[in-house]
Amino acid sequence: MLLLYFCPVFRNDNPMKKNGDERLYSLLNELDIDFEYIEHPPAPTIEIAKQYWQGHDAQHCKNLFFRNHKGNQHYLVVLNCDRDMNIHEIEKQLKQGKLSFASEKRLLKYLGLTPGSVTPFGLINDTEKHVYVFLDHTLDNVEKLSFHPCINTASLIIKKEDFLRFLNHVGNSYEWIKLY
């Protein structure tokens, strides 16, 4: 049986209350970054989220939060949602030593997020610029990207160049890498 769900889409100038971090919306407005807002039921995994993203012209992203073996470095890896990545392959690509997924406690501490809501927009909470970001090079070839707005009951679609402006504004170090 095919289930259809109506996902309201709003532009950032719509005064309607939006799910997610109000500070994020304020910052996007301050930076004059346009976005499309898509409200949907909780989507803690890519498989669930894909059903709500159909028909939208953006590259949807998978966001993985790791820590190194010592626990003194944290990394956010942003990649195409259709890419399957093995943690050992990511370790080889990032050349940061043995990695593991960061705990819920670390996710909350460094990005202010809960599991299932991992997003680079959580970098607004990393005031010490502790988290290093790795961006899948294939994302550099797309016009628009999609991420949760710090909660998994909505998605935002923004232009890639606006996303890069956001990253530059929050000030966390990042680099483009080739993930295989």
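Where does threonine 153 lie? Threonine 153 sits in the loop between E7 and E8. Helices (H or I, at least four residues) and strands (E, at least two) are DSSP runs, numbered from the N terminus. The model is predicted: local features need pLDDT of at least 70, side-chain atom pairs count only at pLDDT 80 or more, and totals for chains, interfaces and linings use all residues. Residues are numbered from 1 along each chain as its sequence is written, and side-chain values use heavy atoms, with hydrogens and water left out.

Threonine 153 is buried, at 16% relative accessible area. Buried means under 20% relative accessible area, exposed over 50%, and partly exposed in between (1.4 Å probe, protein chains only). Beyond its neighbours within four places in sequence, threonine 153 is in contact (heavy atoms within 4.5 Å) with Asn19, Ile38, Glu39, His40, Pro41 and Pro42.

Serine 155 belongs to strand E8. Its relative accessible area is 0%, so serine 155 is buried. The side chains of serine 155 and histidine 40 are joined by a polar contact of 2.9 Å. Such a contact is a pair of N or O atoms within 3.5 Å; within protein, one must be able to donate a hydrogen and the other to accept it, and residues adjacent in sequence count only if both atoms are side-chain atoms. With neighbours within four places in sequence left aside, the contacts of serine 155 include Trp53, Ser146 and Phe147.

In helix H2 (residues 46-53), the buried residues include Ile46, Ala49, Tyr52 and Trp53. These residues lie on the same side of H2, because they cover an arc of only 115° around the axis. The arc is that of the directions from the helix axis to the C-beta atoms. Their cover includes strands E2 (36-39), E3 (59-68), E7 (144-147) and E8 (154-159). Just after H2, glycine 55 adopts a positive phi of about 90°.

Helices H1 (residues 22-30) and H5 (residues 160-170) have axes that come within 11 Å and cross at roughly 110°. H1 is therefore roughly perpendicular to H5. Axes are lines fitted to C-alpha atoms, for helices over the stretch in contact, and angles run from 0 to 180 degrees between N-to-C directions. Angles under 35 degrees count as roughly parallel, over 145 as roughly antiparallel, 65 to 115 as roughly perpendicular and the rest as oblique. H1 contributes Leu24, Leu27, Leu28 and Glu30 to the contact, and H5 contributes Phe166, His169 and Val170.
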